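Dear colleague,

Please find below the structure that I am handing over to you. My findings follow it, taken chain by chain.

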Amino acid sequence: MCLAVPGKVVSVVEEEGLNFRRGKVDFGGVQKEVCLAYTPEAAIGDYILVHVGFSLSVVDEAEAQKIFEALREMEQLEELEGP
Amino acid sequence: MKEVNLSCPVPRPADDCIVLAHGGGGKLTNQLIERVFLPAFWCAPLGARHDGALLNLNGLRLAFTTDSYVVRPLVFPGGTIGDLAVNGTVNDLAMCGARPLYLSAGFILEEGLPMELLRTIVDSMRTAAESAGVQLVTGDTKVVDKGKGDGVFINTAGIGAVKSAAEITPASVRPGDAILVSGDLGAHGVAILSVREGLEFEAPIESDTAPLWTPVEALLEAGIEIHCLRDLTRGGLASAVNEIAGAAHLGMQLTESAVPVREVVRGACEILGLDSLYVANEGRFVAFVPEQEAAHALDILRGISISANAARIGRVVESHPGIVTLESRIGGHRVLDMLSGEQLPRIC
Amino acid sequence: MKFLDEYREGSTAAQLARSIRRTVRREWTLMEVCGGQTHTIVKSGLTELLPAEITLVHGPGCPVCVTPVELIDKAIAIAALPRTIFCSFGDMLRVPGSSKSLLDAKASGADVRIVYSPLDALKLARSNPSREVVFFAVGFETTAPANAMAVWQAEREGIRNFSVLVAHVLVPPAMEAILGSPNCRIHGFLAAGHVCAVMGWEEYEPISRRWHVPIVVTGFEPLDLLEGVQMAVAQLEEGRAEVENQYRRAVRREGNRPAQQRIAEVFEIAPRAWRGIGEIPASGLRLRERYRWFDAEQRFPVDVGTVPEPSECIAGLVLQGLKKPFECPAFGTRCTPETPLGAPMVSSEGACAAYYLYGRRPHEGSESELPSAAPG
């Protein structure tokens, strides 16, 4: 089952230990509490992927850009090559 | 090959009892109407399958409609069941091109309902009626045992004076018509769910419940030739457009990138696993106008606050009659089917 | 919305489509594993942007579709027990068991509730100490960390009135079963990105080597799927067969170690029956001995008997990508979303429902009437 939505961490609560680490995550203006136990490295301001109330992965923003960089290069090549 | 009787409530082939999906505003609701109510009560106004009945009383043209309200929670960001009860019926009249004039209200109250909650609801009805310019002229009250009702059920019926010269009804829709929507989608459904699911928002999403006669009147007064109107309620934009496509026997093509949805509503739909095209609205409508009038109609709508985000989202075509298609952001297409029953959130 | 909108954009999609068209020389059949990917493909009409040489086949990545009939029947039986609150994700509610679905059971009075997270079910258990709260733990590896945490927390806190009905399935054994099928015509796979976000992709390397198939770990947005197709096609045209990662922004080779550890602590690998396919060894998860108390099948032994799939439903063949939905004699006639004979027609990701809703209905008049993307 695979619907995981990217959201931004806006606050973190970790007093009760790693297993109960949780935080408020913002999805385009909607905020929901998410369990952050599986992404101990996730910090405020990071984007994470959330699936059924759990963060599974921190989004690598540099990697996220690469497809667009590659496509821009491709576009330039296309223009050079002509129709 | 033996027939296997698999019953699935979302679409239920054996009609032996009512399921929640029958009230969902989608296919099952329409099936119920077609199979149970229409055959029993058939007459021309009912057969038009529009939001209200257009009646002619010796030259006096009236619209008549009714609606029942069973929403839970009774109070939500942006309104109460009372607002819906007034605005919903007012809007059904407006969708017939009729100025809403009089409402009736029937209350079914559950034993134990706090009086103060009832006052809040009634108060919101009073305000809504004033905003809409209607009078509540007759009513009824019943009380049921505790446990037999959701606090409050309200039925309202309404009468309006038809102001449009031509009949505003699905049968008037023509190929080539532009399809307009009066504003952004999904706020009401998300507002309701936010209470039920404990969502929080930076700025709370409020229900978009509102009376819609003002924008309709503005279009009529500007002489716009309106072919059809429908307010979007349960089942969302997709259901309303499908209903009209079916009733008019015409195809409809929508463009996803043109459908206005606020980012925060999109965010809520993403995390709840819902499709905003199917989420309930309360203060929005679609309008079908001739292509050449579309730009003018949009100008008029955008000048009124309730329809400030009006947009053109598609057109009516002769091909694939009864089917609504959607062009996606990446240029592919899909059939935008009517919901079978309730939209269930998905995680997959 | 950041990290979503950019991946749904039209001109970049067109660019990727052109790139695929430039790369492809021969006909290739690719399988996208995950139901969420199928959903995106159908919803965005992605196949229209692909050249005709590429066929996308929908895999068994819809846990809704592959959950055996017996388990649905057990869920319904448990939901009907007095004092039970049965919690499930929305996807599962419509799937027919042998005679009805969970939504049916709800209509008949069972307390069936939709939750968004297993922790919601745990919350219900805490606040309803006199009720038995049962959670339907269906899903691939993506959902396993969440379910593992719920059980782990329940055990730590001593919440006795909580249990899970486990129907977890694993992707790699399913892929191998498909590859091992004599009729397999799949040339390459788009692996399920979020499954790999949890598990990494190490376990796909031996599969890729053994069967000489490209496996591209792919995301879920239209651009992800297009890039995934492009990478798979490039491998195929170059004669390569390796595991590549398209979903770089979310997936690392080793996956999410804390999540894997929690899964291993709570669950162990077990054989599992897949609806329409049959039992695949070592293809599912069950609770470990220490956590057996939370196993709803043990706590509520209900006898539902063995149930044959309706003979007309060819779900198994569709799920393995061996048949297209419209090759089924019942498709669109006796089997529709209104009157489903099997799970792939019910689930919104099920291949049959996807084909039906997308409009590819040979029975109902001309397909050519429907709009399609302009070429080039």
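Chain A contains one helix and five strands. Please keep in mind throughout that this is a predicted model. Along the sequence of chain A, the elements run in the order β-β-β-β-β-α.

As to overall dimensions, the C-alpha trace of chain A extends over about 60 × 25 × 20 Å along its principal axes. Its radius of gyration is 17 Å, whereas a compact globule of 83 residues would come near 12 Å. Of the 83 residues in chain A, 46% are buried.

I turn next to chain C. The domain assignment divides chain C into domain 1, covering 5–62 + 171–245, and domain 2, covering 65–170 + 255–299. A distance of 30 Å separates the C-alpha centres of domain 1 of chain C and domain 2 of chain C. In the contact between them, domain 1 of chain C contributes 15 residues and domain 2 of chain C contributes 17 residues.

Which helices of chain C each supply at least two residues of the side of domain 1 that touches domain 2? They are α8 (171–180) and α9 (193–199) of chain C. The most comes from α9(C), which provides six residues of that side. By residue type, the side of domain 1 of chain C that touches domain 2 of chain C comprises 13 nonpolar residues, two polar and no charged.

With kind regards

Key:
Residues are numbered from 1 along each chain as its sequence is written. Chains are lettered from A and ligands numbered from 1 in the order in which they are written. This is a predicted model: local features need pLDDT of at least 70, side-chain atom pairs count only at pLDDT 80 or more; totals for chains, interfaces and linings use all residues. Helices (H or I, at least four residues) and strands (E, at least two) are DSSP runs, numbered from the N terminus. The radius of gyration is taken over C-alpha atoms; the globule rule is 2.2 Å times the number of residues to the power 0.38. A residue is buried if 20 or more other C-beta atoms lie within 10 Å of its own, exposed if 12 or fewer, and partly exposed in between; C-beta atoms are placed from the backbone. Domain bounds come from an automatic or database domain assignment. Two residues are in contact if their C-beta atoms, placed from the backbone, lie within 7 Å. Ala, Val, Leu, Ile, Met, Phe, Trp, Tyr, Cys and Pro count as nonpolar, Asp, Glu, Lys and Arg as charged, and the others, Gly among them, as polar.
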